[in-house]
Amino acid sequence: MERWARSSDFAPDDPVVLTIEGTHGPIIHAVTRPAAERGARAGARLTDARALDPSLVAVPADPEGDAALVERLARWAGRWSPLVEVDGESSLRLDVTGVAHLFGGETELVADVQTRFAVAGLSTRVAIAPTAAAAWALAHFGKAASVICGKDTGAKLADLPVAALRLPPEATQTLQRLGLKTISTLAGIERRSLARRFREVDNPVDALDRALGRKPEPLTAVSTVRPPRALLKLEEPATHPEAPTQALERLIPNLVQQLQRRHLGVRRLAMIGFRVDGSTAVASVATSIPSREPKHLLRLIADKAAALDPGFGFDAFALQADWAENLASAQDSLVDDPSGTREVARLIDRLSVKLGPDKVRRPQRHESHLPERASGWRPALDKIDPVKAPAAQRPQRLLDRPEAIAVVYATPEGVPRRFVWRRAVHDIARVEGPERIAPEWWRQPSTARLRDYYRVEDQAGRRYWIYREGVIGDGRGGLPEWYMHGLFG
Amino acid sequence: MSRVAKGLSLVAGDGSRAAISPASGAAPDAPLPGVRWPLPAPPGPTLSELFAASPRDAGWAGFLLAQAERSKPLLWVQERMAILESGRIYPPGLGSMELIHVEARDARAALWAMEEGLRCSGLSGVIGELWGDPQALDFTATRRLAVAAERSRVPCWLVRLAGIANLSGARMRWRIASRPSLLNPFDPRASGASAWDVELFRARGYPPGRWAIAHEAGAFHLVAAPSGGTLGEVERLRA
């Protein structure tokens with residue numbers, strides 16, 4: 001709703017509801033305060049709400065956009081905790097175990113979260129509790145906008161409605177029908193009699209146990225191996241262009257230390273700038289072999305980091321090894337790496353960063369007779385699979401796109417005598433061929449024609465690789481055409 | 001330039017064809033007749049400049065590959081325009097070597113990539129192809145390449161397609177054109193071993209000259225010296 005309100009041009013006191021399409025017509029997804037005062041409620045049908053007040057304005061909601069926003073906020077919330085999880089449609093779950101003191105305590109942490117979201121124009125309800133379920137319940141159903149509870153979780157939860165246990169709607173409804181409206185009344189019932197009346201998935205006893213920490217509730221999607229990461233918070237938002245570079249000088253030694261401890265080398269490195277307005281800017285580079293040499297890493301990422309757009313200012317930076325591989329802390333020899341493999345890998349990294357990974361490539365052969373397919377290219381950062389080289393004689397240079405030429409030849413399948421390429425006439429002095437290459441029928445259309453390749457040499461001794469596409473009467477088109485494909489050295 | 005004198009030989013004479021016709025009695029698989037001839041080479045790896053006689057003549061590639069060292073990776077930088085005009089390098093035709101190919105947007109990027117490559121001692125060589133006479137390629141740029149090549153002991157070849165030989169810091173400057181290939185011992189209508197007219201028109205510590213040389217299966221042979229060895233001196237005086 002707030003996301004919509006930021007970008008809409010309705011007056012703040014218009015009764016607007018956001019709707020999504022349901023099975024039986026539009027369903028209200030979110031309401032503004034004036035609409036709520038007129039009886040509209042999220043989850044109700046639009047027609048029902050209109051029956052109460054016909055002046056409601058319905059606007060289609062954008063759930064994908066909301067999800068994207070939550071996703072983005074989850075990444076942004078990485079500033080508070082390394083473990084952030086999107087929980088449901090509009091909740092974020094942060095594991096702040098052992099984190100709060102970095103912000104001066106739990107109260108300060110909550111205040112920081114609230115202010116920063118408020119700056120971003122979003123209202124929040126924050127709860128810190130010993131269990132994830134309790135935190136969720138307090139955040140969604142608690143009376144205050146922010147709750148912190150420690151050992152008194154049970155007491156704090158007591159007044160909440162049973163819906164706070166996050167049971168399936170049917171189970172909640174059953175409990176309400178039984179008159180068990182709050183958690184305290186539920187907790188008062190004998191466990192065994194309660195457990196018998198519910199299936200395992202929606203057992204309120206289990207839910208209660210989870211909320212009170214008597215039963216474990218593991219965080220899902222928790223990455224057990226956290227990527228090496230260095231974080232730098234700034235006192236004040238920095239907008240000057242040197243800020244990322246200066247931050248790098250502090251972050252890189254920190255990250256390298258972590259890598260050293262874990263015997264890792266970076267393959268992909270990302271510099272993340274956290275902006276004041278809740279967005280992030282990312283610059284990432286890749287390396288062709290794992291590396292943890294500070295000088296090399298700095299040189300790779302410095303240019304890209306300096307180009308990060310600060311927007312309204314960065315207030316934190318993180319340097320993260322998105323992809324790290326094992327790298328033993330071995331010294332190969334006393335002198336500098338004599339084989340030069342590491343040197344070459346570093347060169348590839350530098351070239352790829354500056355020119356783009358798709359401009360720095362190594363040849364990758366394929367099992368094919370078609371010349372343009374037989375030799376592909378692959379970014380030099382990737383691995384190359386070894387494939388046996390063909391035995392046939394091939395030109396040193398190949399035109400990306402074969403160029404049509406006019407050829408004088410003895411039809412239908414005689415050798416070429418003379419050709420015109422790029423408006424210049426070449427008289428052929430010597431010719432060798434044809435080398436017939438059939439189309440690959442299993443991947444080309446049935447109209448593809450065979451090619452007869454000739455190695456020709458003109459009067460001046462320049463040698464070319466030309467081909468005739470098709471033969472007369474092959475039923476795949478008219479007269480065959482000639483093409484220039486390669487140049488011999 | 002690396003030392004390649006091992007397979008080079010020179011056949012002096014005006015009619016190169018006659019000198020190597022099969023009538024001379026050479027068996028098809030016998031080495032080419034010719035005088036062993038040391039290719040002018042500087043004392044250490046440095047920058048050499050190669051001018052292609054024409055953009056549609058790729059003869060220089062054969063001449064260059066014949067002397068390329070293959071033990072370590074080779075960095076081959078091509079400017080976009082060079083790729084459009086005279087084709088992208090085609091690895092199956094280059095023989096077995098480890099290759100890193102860089103497609104540079106313009107001459108400035110190509111020169112930068114070459115210089116970066118020259119700082120890396122793990123390469124066997126750097127080849128850069130530039131089209132025309134770009135602004136970025138001035139005396140300073142070539143001099144930087146030469147110094148970088150000498151410092152890291154990585155040979156560098158700057159190939160100029162459709163370019164004019166302006167001021168340059170290159171230690172050796174060649175002009176290379178294809179010439180009719182040698183006779184093919186198996187098929188008289190087909191072309192045989194490649195042959196080139198090479199002209200060394202400026203070199204430090206070496207007299208300029210013009211030669212016709214051929215290359216066959218790992219060896220260079222000089223098939224003809226059209227104007228004799230002294231011509232170089234004459235032309236240098238005239239220039």
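How many helices and strands does chain A have? Chain A has 15 helices and 19 strands. The legends below describe a predicted model.

**Figure 1. Overview of chain A and of the model scores.** Chain A runs to 489 residues, of which 32% count as buried. Among its contacts with a separation of 6 or more, 52% link residues 24 or more positions apart. The model as a whole scores ipTM 0.82 and pTM 0.64.

**Figure 2. The contact between chain A and chain B.** Chain B contributes 45 residues and chain A contributes 41 residues. By residue class, the side of chain B that touches chain A holds 22 nonpolar, 14 polar and nine charged residues.

**Figure 3. Strand pairing across the two chains.** Strand β14 (residues 397–409) of chain A is joined to β5(B) by two bridges. These strands run antiparallel. In this pairing, L398(A) has R88(B) of β5(B) as its bridge partner.

**Figure 4. A four-stranded open sheet in chain A.** The strand order is β8-β11-β9-β10 (chain A), and the pairing is antiparallel. The edges are β8 (229–238) and β10 (280–291) of chain A. Each has a single partner strand, so one side of each is left without a neighbour in the sheet. On average, neighbouring strands of this sheet are turned by 15° against each other, direction ignored.

**Figure 5. Strands β8 and β11 of chain A, with the helix across them.** Six bridges pair β8(A) with strand β11 (residues 314–326) of chain A, in the antiparallel sense. L232(A) has F317(A) of β11(A) as its bridge partner. Helix α12 (residues 243–262) of chain A lies across β8, β9 (264–275) and β11 of chain A. Relative to β11(A), helix α12 of chain A runs at about 35°.

**Figure 6. Packing of helices α13 and α14 of chain A.** The two helices span residues 294–306 and residues 341–355 of chain A, respectively. Their axes come within 10 Å and cross at roughly 5°. Angles under 35 degrees count as roughly parallel, so α13(A) is roughly parallel to α14(A). From α13(A), the contact uses H296(A), R299(A), L300(A) and K304(A). From α14(A), it uses R346(A), D349(A), R350(A) and V353(A). The residues of this contact comprise two nonpolar, one polar and five charged.

**Figure 7. The surroundings of A187(A).** A187(A) sits in helix α9 (residues 183–188) of chain A. Is A187(A) buried or partly exposed? A187(A) counts as partly exposed, because it has 17 C-beta neighbours inside 10 Å. The threshold for buried is 20 or more. V205(A) is 18 residues from A187(A) in sequence. In space, the two are 8.2 Å apart, C-alpha to C-alpha.

**Figure 8. Confidence along chain B.** Chain B has a mean pLDDT of 78, with 74% of its residues reaching 70 or more. The pLDDT is below 50 over residues 1–31 of chain B. That stretch has 73 contacts in the model beyond near neighbours in sequence. Residues 226–239 of chain B also have a pLDDT below 50. This second stretch has 15 contacts beyond near neighbours in sequence. Where pLDDT is low, predicted coordinates should not be read in detail.

Methods: Residues numbered from 1 in each chain as written. Chains lettered and ligands numbered in written order. Predicted model: local features only at pLDDT ≥ 70, side-chain atom pairs only at ≥ 80, totals over all residues. Contact = placed C-beta atoms within 7 Å. Nonpolar A, V, L, I, M, F, W, Y, C, P; charged D, E, K, R; others polar. Pairing = 2+ DSSP bridges. pLDDT = per-residue confidence, 0-100. Buried ≥ 20, exposed ≤ 12 C-beta atoms within 10 Å, placed from the backbone. Axes fitted to C-alpha atoms, helices over the stretch in contact; angles between N-to-C directions. Parallel < 35°, antiparallel > 145°, perpendicular 65-115°, else oblique.
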